[in-house]
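Subject: Structure handover

Hello,

Here is the structure for you to look through. My notes on it follow below.

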Amino acid sequence: TIEYYKYLAEHWKDDAFYGYQFLNGVHPSMIRNCPHLPSNFPVTEEMVQPFLETGTSLKQEIQKGNIFLCDYKSLEGLPTRVVEGKSLPLTAALCLLYLDTAGTLKPIAIQLGQEPSEKCPIFVPSDPELDWLLVKIFVKNADSVIHQIISHLMKTHLLAEVFAVATMRHFPDVHPLYKLLTPHFRYTLQINAAARRALLGPTGLLARSTPGLEGIIELLRRHLAETTYSSLCLPDNIAERGLQNIPNFYYRDDGLKLWTAINSFVRAMLGLYYPTDDEVSGDAELQRWIQDIFTKGFLGNSSSGMPESFITVEAVVKFVTMVIFTTSAQHAAVNSGQFDYYSWFPNSPLQLRKAPPTTKGLVTMDTILETLPNIGDTVSFIISSLVVLGSYPEERFCEPAAKRIIENFQKELSSIEERIITRNASLEVPYCYLKPSEIENSVSI
C-alpha cells in the first residue's frame, strides 16, 4: 500500500490527480456528466481548445460524453463565519473537467461563482501557474464543505439515525426487520450524540469550518429539501449523474458489486417472511416504520420520491438495501479516506481566509499562504473494535434458512474482496474504501 499523505504531498498540484479525486477520493458524490453547459458558465471553444486533444472540439466532446461538471451552487449566498470582522470566503464554484482518450480526467475551466462577470472570470490551465493552483484550492474548499456537511454528516450519519430511531420505535425485537437492521445501527446514536458535541459544538471542528453553525444549518436545510430517494440508491444515482461508462471509477465499480450483493441478501432474507405482496401491505408495523421515516426524516416531502407506504415485496427489498448500503458501504466511501485526503491540508481545506482572485496574474505564493488557514486551525481540521459488513454476531436469526442466507452473503462479500485486491495490485493509487473487510457494518465512527 502507498502512504497516501506522501503521495498527496507530491501530486496534489497535478491536474490528473486532481481530477482522479472527484471519482475515487473521499468525495465521489459531486461529479456528473455535462450534456450541455450551464447558461451561467459561458466557457467558449477558444478558452479550452488548447486542453482538448487534437482534432476535436468542446461541442464534440460534450456530445461524446467526455465533459463533466462539479457545480457547487448550493453554497451560493450561504452565511459564513465572521473572523476578525470579515466573513470567511466560500465560493459557489463551477469546475469543468475533460476525459481524454487515455482515460485521464482533468479540470479545464473553473469559475469561482455562479454569476460570471469581470470580477468573476473563468480560469483555465494556461493561466499563471499560481492563479490556477489557487482557484483549484477554492474548488476543493467548496467540495470539502459539501463532503463533510452533506455527503458525510447528513447523508450517512443523520440518515442512519433516522432509520435507527424508526426501527426501534416501530419494530419489536422479534420482527425480522428489527433483527436484520439492528446490526447496521450499532453505536450510531452514540457516535452521533458525540459528534453533536465534538463537531457541532461552539468549538467543534465543523463549527470552526467556513460556514459556521448558521451556515451548516442552512446548508442542511437546502440539501434536505432537494434530496431524492433515487440519489440514495447507488444504481439510480450513477445513472442520473451519467457516470455509467466513465473509466477507472472504482467507487462505482466496487459500490455496485456491493449493492448487488446486499440486494440479493435482502431479497433472500425477506422472502422467508414476505412470500407475497399481501404480507407487505398487511404488516402494520412495517407501514408505520416507513411512514415515520417519510414524515420525520424527509418532512413529508412527496417530491423526494421517498416511499410513504409499501405495497410490494420488491419495494421493501430496494428500500432495505438502501438502508444497509447507506449505513455500511456509503459511509465507508465518504469516511474512511478522510485522513488520506485531508492530511495534506491544501488538498482539501475546510477553511480559507482570503477572498478568491478576481483578476488574473496577481497571485503569488504569499497570496496562497495567506489564503490557507493558520497553523492552529490546520492542525485542528486533520481527521483521524471493527464489526465488518455481513457480520451478525448476536445471531438473532435462528432459522436454518436465514443462517444459510447470511453465510452465502458472507461468501459473496469475500469474492468481491478478492476481485478488489486483484485489481488494486495493478493500480498506482489503490482504491480500498469499499473492500468488505474494511467496511463497518454500521455508522459507528
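At what angle do H5 and H8 pack, and how far apart are their axes? The angle is about 60°, and the axes lie 11 Å apart. Before the rest, some ground rules. This is a predicted model, in which local features need pLDDT of at least 70, side-chain atom pairs count only at pLDDT 80 or more, and totals for chains, interfaces and linings use all residues. Residues are numbered from 1 along each chain as its sequence is written, and side-chain values use heavy atoms, with hydrogens and water left out.

Helices and strands are DSSP runs numbered from the N terminus (helices are H or I with at least four residues, strands E with at least two). Axes are lines fitted to C-alpha atoms, for helices over the stretch in contact, and angles run from 0 to 180 degrees between N-to-C directions.

**Helix pairs**

Back to H5 and H8. The two helices are therefore oblique to each other. On the scale used, angles under 35 degrees are roughly parallel, over 145 roughly antiparallel, 65 to 115 roughly perpendicular, and the rest oblique. H5 passes H8 in a right-handed crossing. A crossing is right-handed if the near helix is turned clockwise from the far one by less than a right angle, and left-handed if anticlockwise. On the H5 side, the contact is made by Val145, Ile146, Ile149, Ile150 and Met154. H8 brings Ile216, Leu219, Leu220, His223 and Leu224. Contact here means heavy atoms within 4.5 Å. By class, these residues are nine nonpolar, one polar and no charged. Ala, Val, Leu, Ile, Met, Phe, Trp, Tyr, Cys and Pro count as nonpolar, Asp, Glu, Lys and Arg as charged, and the others, Gly among them, as polar.

Next, H13 (residues 284-297) and H14 (residues 313-335). Their packing angle is about 50°, with the axes 13 Å apart. That makes H13 oblique to H14. The crossing of H13 and H14 is left-handed. H13 makes the contact through Leu286, Trp289, Ile290 and Ile293, and H14 through Val316, Phe319 and Val320. This contact has seven nonpolar residues, no polar and no charged.

Among the contact residues are Tyr250, Asp254 and Lys257 of H11, and Glu412, Arg419 and Arg423 of H18. The contact divides into 17 nonpolar, no polar and five charged residues.

**Pocket and cavities**

Both are found on a 1 Å grid over the protein atoms alone. A cavity is a set of points where a 1.4 Å probe fits but cannot get out. A pocket is an open set with protein on both sides within 12 Å along at least five of seven lines. Lining residues have an atom within 4 Å of a point. Grid points are joined across faces, edges and corners, and a volume is the space filled by probe spheres set on the points.

The largest pocket has a volume of about 980 Å³. It is lined by 34 residues, and the closest to its centre are Ser29, Met30, Arg32, Lys155 and Arg241. H5 (129-170) and H8 (212-226) are among the elements that each supply at least two lining residues. H5 gives the most, with four. The lining has 13 nonpolar, 14 polar and seven charged residues.

The largest cavity has a volume of about 90 Å³. Its lining includes Gln21, His27, Lys140, Asp143 and Tyr341. H2 (15-24), H5 and H15 (338-342) each supply at least two residues. H5 again gives the most, with four. The classes are four nonpolar, six polar and two charged.

The second largest cavity holds about 40 Å³. Trp12, Tyr18, Leu133, Lys136, Ile137, Lys140, Pro346 and Asn347 line this cavity. H5 gives the most here too, with four residues. Five lining residues are nonpolar, one is polar and two are charged.

Ser87 is found in strand S4 (residues 86-87). Beyond its neighbours within four places in sequence, Ser87 is in contact with Thr80, Arg81 and Val82. The C-alpha atoms of Ser87 and Tyr98 are 33 Å apart, and the two residues are eleven apart along the chain.

Best wishes
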